[in-house]
Amino acid sequence: MMNLSQTKLVGLTMELDLKTREYKKLCDKLEQLKKSGINPNDEKLLVLNGLFQKNYNEIVEINRQIKELNNCEM
């Protein structure tokens with residue numbers, strides 16, 4: 001049976017996996033926009049940039065929590 005820290009670590013790892021999949025989807029969307037010859041000043045790119053930034057911030061936070069959990073166990 002897993003203790004609380006191990007359970008949290010599993011949950012955070014699953015969250016991190018979901019965020020990396022989300023990142024891949026954002027990359028695919030960006031690639032599609034690039035192939036369509038989108039104007040560099042198009043509003044869609046600003047929205048996509050915001051989604052990339054949000055995803056990045058969430059990944060950083062998850063990694064911080066994982067690091068914190070690992071430090072508490074030592």
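This is a predicted model: local features need pLDDT of at least 70, side-chain atom pairs count only at pLDDT 80 or more; totals for chains, interfaces and linings use all residues.
Residues are numbered from 1 along each chain as its sequence is written, and side-chain values use heavy atoms, without hydrogens or water.

**View 1. Crossing of helices α1 and α2.** Helix α1 spans residues 4–35 and helix α2 residues 43–73; their axes come within 10 Å and cross at roughly 160 degrees. α1 is therefore roughly antiparallel to α2 (angle over 145 degrees). The residues of this contact comprise 16 nonpolar, six polar and eight charged.

**View 2. The aromatic pair Y23 and F52.** The ring centres lie 5.6 Å apart with planes at 75 degrees, so the pair is edge-to-face (centres within 6.5 Å, planes over 60 degrees apart). Y23 belongs to helix α1 and F52 to helix α2, 29 residues apart. Y23 is partly exposed at 41% relative accessibility, whereas F52 is buried at 18% (buried, under 20% relative accessible area; exposed, over 50%; partly exposed, in between; 1.4 Å probe, protein chains only).

**View 3. The largest nonpolar core.** Six residues make up this core: L12, L16, I59, I62, I66 and L69. Such a core joins buried Ala, Val, Leu, Ile, Met, Phe, Trp, Tyr and Cys residues through side-chain atoms within 4.5 Å. Both α1 and α2 supply at least two residues each, and α2 gives the most, with four.

Conventions:
Axes are lines fitted to C-alpha atoms, for helices over the stretch in contact, and angles run from 0 to 180 degrees between N-to-C directions. Angles under 35 degrees count as roughly parallel, over 145 as roughly antiparallel, 65 to 115 as roughly perpendicular and the rest as oblique. Ala, Val, Leu, Ile, Met, Phe, Trp, Tyr, Cys and Pro count as nonpolar, Asp, Glu, Lys and Arg as charged, and the others, Gly among them, as polar. Rings of Phe, Tyr and Trp (its six-membered ring) pair if their centres lie within 6.5 Å; planes under 30 degrees apart count as stacked, over 60 as edge-to-face and the rest as tilted.
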